[in-house]
Amino acid sequence: MNLAKETVDWLDRRLGVRELLHSNLGGYLLPRNVNIWYTMGSVLLALFGLQFLTGLLLLVYYVPDTEKAFASVTAIMNEVPYGWLIRYLHVVGSNLIIVFILLHMLSVLFMGSYKRPRELTWLSGFILLNVGLVFCLTGYLLPWSQLSFWATTVATDAAGAIPVIGDQLVAFMRGGATVNEATLGRFFALHVMGLPLVFFGLVGFHLFCVRRIGISKPPFGDDYLPTEVPRSFHHEEHPGGIPFHPNYTVKDLSMVFFALALLVGVTFFAPWLFIPPDALEPADPFNTPQDIKPEWYFLWAYQTLKIFPSELLGLASQGVAMGFLAMLPFFDRGLERRPSKRPLFVTLYLLGILLFFGLSLWGHYS
Amino acid sequence: MSEIPATSTERRTFLGLLLGGIGAIAAGALGWSVFRFLSPIDRGNEDSQVRIARSLVAVGGAHFFAFQGRPAVVVQPAAGEFIALSAVCTHLGCIIKWQNDSQDFLCPCHAGRFSPSGQVLSGPPPSALDSYTVTLDGDDLLIG
Amino acid sequence: MKKNPTLLFFLFAAALLFSGQPSFAATTTVCIECHGDLPGDLGEVPVAEWQTSVHARYQTSCHDCHGGDPTDYAMAMTAERGFIGVPEYEDIPAFCGRCHVGVEEDYRESLHGQVLAFGGPNCATCHDNHAVQVATIDLINEDSCSRCHSYERPALIKEEISATETMLSQLETSIAALYRVGIDTSRLEDELFATRNDFRRLFHSVDIDKIRAQTAQFHSDLEQTKAAVAELEDTMGQRKLAGGALVLLLLLGGCIGLLIRRSYHDQE
């Protein structure tokens with residue numbers, strides 16, 4: 001007890017940690033009506049941490065060589081003690097991260113929290129979703145299974161529809177005319193080094209934005225009224241609010257526990273949800289498996305490409321949809337955030353969700 | 001005492017301890033898995049024998065090989081007499097060399113010398129080299 | 001909208017997404033290209049039958065049995081490219097036996113094989129030709145056998161081998177389930193494959209005494225595989241138990257966290 005106090009004293013004299021801790025924990029006040037959706041960020045941070053740890057551990061035994069990759073993954077699953085656990089946590093974790101990013105995004109959209117002055121928070125978050133998807137895509141190739149090989153072939157092939165530079169772009173992404181050892185090399189480097197660096201930088205920026213501008217007040221309850229955004233920088237305060245620590249951190253913690261329970265549950269009882277049969281066969285560049293389908297989070301894009309008459313139109317429509325979402329706070333400049341006062345937005349929001357599910361299901365069953 | 005309802009602080013302390021305990025068990029489970037994941041894999045061939053062709057070991061010569069994952073050496077100081085030893089110097093772990101001229105082992109790191117049977121002749125090594133049994137099997141030597 | 005680098009990023013990200021038309025369609029041989037469009041027994045009939053067969057499933061195509069060159073229209077059916085065409089009735093066991101070596105051997109020694117020259121059954125009599133399916137014990141049935149002789153003896157043989165066959169198919173199912181959850185079952189599969197092949201060639205001898213004498217050995221081989229499978233299944237069960245306990249523990253932790261959160265409500 002005394003030792004702890006003396007350590008903090010020592011640090012306090014040099015870095016002023018007491019003030020720092022107070023202003024970010026006990027003295028950091030959240031809006032009184034803060035709700036459960038505000039815990040999504042903490043859940044995601046915990047899952048990222050676990051993903052980093054399991055990824056690091058897999059790197060100990062994984063061999064990024066087309067001749068050895070599949071065998072090394074088989075060895076991780078069968079010979080290395082608890083290798084199956086580490087790998088399944090990594091696989092299931094990646095899928096859960098996409099789920100929670102989507103939930104986080106949907107709640108921010110519904111509550112209008114993306115609106116000015118929080119455009120940069122939204123934009124960095126949206127880029128994080130895309131980096132997360134590229135993480136999934138690059139990680140997919142590494143086991144060098146039939147699924148890895150053909151999913152990557154089909155995914156990179158789509159870029160060929162872009163006029164003029166399409167073919168060069170495909171060859172550049174693959175490092176050759178077809179998916180080969182050069183593709184594995186660059187995807188591996190991206191997955192374990194390039195993307196994590198970008199990702200951590202972006203997460204840092206995202207958190208900085210959240211803290212710097214101040215957390216947004218949920219647009220619910222009788223006392224909520226839209227306020228004019230000041231013309232100069234202004235940190236939004238919530239006087240008389242709930243202390244972040246320990247009052248709200250314990251809620252964050254309990255949601256992290258529930259998310260981990262879900263992760264462990266799927267890992268132990270249904271890991272095959274995310275390991276289709278083709279993922280169990282080593283890659284064979286001369287034999288395309290039948291009915292190859294992308295992962296669930298790419299199904300909407302897959303189906304979009306199928307329903308447009310040309311691939312270029314399909315790609316362009318995806319680009320427009322994603323670009324529109326990314327730039328939403330720059331178009332949507334009204335101050336009103338209460339869903340009940342934004343019928344048009346809520347209608348579009350629900351239609352968007354339906355479209356996502358509809359296209360995904362259509363893609364899955366077609 | 002028991003009739004007075006616990007204060008929220010008391011309840012909080014109790015629940016906090018419980019939560020800490022659960023967190024510790026979960027962290028322990030993960031920690032144990034990671035520890036086992038990183039521990040050397042027991043491939044179950046620790047006591048398996050190594051077979052070496054007798055012709056590889058000249059009279060007065062030495063042959064180096066891997067035994068149980070470590071460097072080892074077999075020498076034939078006199079015709080028909082085979083000795084198998086660990087090739088790891090007992091001083092600081094360098095790999096010893098066979099000196100054909102003097103018919104003994106020299107450790108190149110700090111000039112420790114060992115006899116063909118593994119005994120320390122001179123220098124800093126604190127103890128003799130580990131030795132392994134050698135069995136003749138036709139044209140082969142079975143070591144271990 | 002102003003030019004912005006993020007849009008480029010999205011285009012790139014979108015480019016990474018999946019397309020609907022994989023550009024790598026399964027290759028068809030020149031055999032199927034021509035014969036697939038022809039009517040009748042040298043055209044669409046055998047091609048359609050083959051497509052339902054176990055051979056098609058494992059990519060054993062026309063030329064693997066009938067010879068010839070599947071890549072060259074002009075030379076496809078020439079003797080110099082090894083074209084065999086349709087085998088004579090009596091040549092069928094040798095035709096199939098190029099791959100199914102062991103079965104051919106036992107068949108030749110059997111009564112079936114010995115009467116081949118007098119119109120006795122060949123492989124296709126029971127297994128069909130182009131539409132050949134995975135062989136099961138149900139190929140021995142009254143309708144099929146009584147085309148030539150009484151069902152008395154086949155029934156005895158079927159009874160003799162049924163226990164071993166059941167065990168074989170149960171083990172196949174168990175091993176497939178283990179494989180599905182990521183277990184490396186290649187050694188077990190090889191073991192079972194070898195035992196199954198030896199057993200299947202044995203009953204092609206249609207010699208009930210011989211089958212009786214050797215079934216015990218097959219049983220003990222299969223018991224060994226069964227023990228290995230049981231051990232793996234046991235491990236999977238233990239994992240589930242540990243996983244279940246961990247899930248409950250984490251759920252409990254989450255609930256306690258919520259209770260602590262509630263204890264702050266009266267102060268807020």
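Predicted model: local features only at pLDDT ≥ 70, side-chain atom pairs only at ≥ 80, totals over all residues.
Which handedness does the link of C94(B) and C109(B) have, and how many degrees lie about the S-S bond?

## The disulfide of chain B

The link of C94(B) and C109(B) is left-handed, with -95 degrees about the S-S bond. The sulfur atoms of C94(B) and C109(B) are 1.9 Å apart, and since a disulfide is a pair of cysteine sulfur atoms within 2.5 Å, the pair qualifies. Over all chains, the structure holds 1 disulfide.

What does the pair tie together? C94(B) sits in the loop between strand 4 (81–86) and strand 5 (97–99) of chain B, while C109(B) belongs to the loop between strand 6 (104–106) and strand 7 (113–114) of chain B, so the bond joins parts that are 15 residues apart in sequence. As for solvent, C109(B) has 39% relative accessibility and therefore counts as partly exposed.

The cut-off for a disulfide is within 2.5 Å. With a relative accessible area of 28%, C96(C) is partly exposed.

C99(C) is in no disulfide either, and its nearest cysteine sulfur, in C65(C), is 6.4 Å away. Is C99(C) buried or exposed? Its relative accessible area is 63%, so C99(C) is exposed, the cut-off for that class being over 50%.

## Two domains in chain B

Back in chain B, the chain is divided into domain 1, covering residues 1–39, and domain 2, covering residues 50–143. How far apart do the C-alpha centres of domain 1 and domain 2 of chain B lie? The separation between these centres is 56 Å.

## Chain C, a run of helices

The secondary structure of chain C consists of 13 helices and 0 strands. Following the sequence, you read the pattern α-α-α-α-α-α-α-α-α-α-α-α-α. Chain C has 268 residues, of which 36% count as buried.

One pair to look at is helix 11 (residues 152–180) and helix 12 (residues 186–203) of chain C, whose axes come within 11 Å and cross at roughly 160 degrees. Because of that angle, helix 11 of chain C is roughly antiparallel to helix 12 of chain C. Their crossing is left-handed.

Helix 13 (residues 208–263) of chain C packs with helix 10 (residues 244–269) of chain A, at an angle of about 165 degrees and with the axes 8 Å apart. Why do these helices count as roughly antiparallel? Angles over 145 degrees fall in that class, and helix 10 of chain A and helix 13 of chain C are therefore roughly antiparallel to each other. The contact of helix 10 of chain A with helix 13 of chain C has, by class, 15 nonpolar, 8 polar and 4 charged residues. The crossing of helix 10 of chain A and helix 13 of chain C is left-handed.

Finally, take a look at G257(C), a residue of helix 13 of chain C. Its relative accessible area is 0%, so G257(C) is buried. Along the chain, G257(C) and A135(C) are 122 residues apart, and their C-alpha atoms are separated by 59 Å.

Note on methods: Residues numbered from 1 in each chain as written. Chains lettered and ligands numbered in written order. Heavy atoms only, no water. Axes fitted to C-alpha atoms, helices over the stretch in contact; angles between N-to-C directions. Helix = DSSP H or I, 4+ residues; strand = E, 2+ residues; numbered from the N terminus. Parallel < 35°, antiparallel > 145°, perpendicular 65-115°, else oblique. Left-handed = near helix turned anticlockwise from the far one by under 90°. Nonpolar A, V, L, I, M, F, W, Y, C, P; charged D, E, K, R; others polar. Buried < 20%, exposed > 50% of the residue type's maximum accessible area, 1.4 Å probe, protein only. Domains from an automatic or database assignment.
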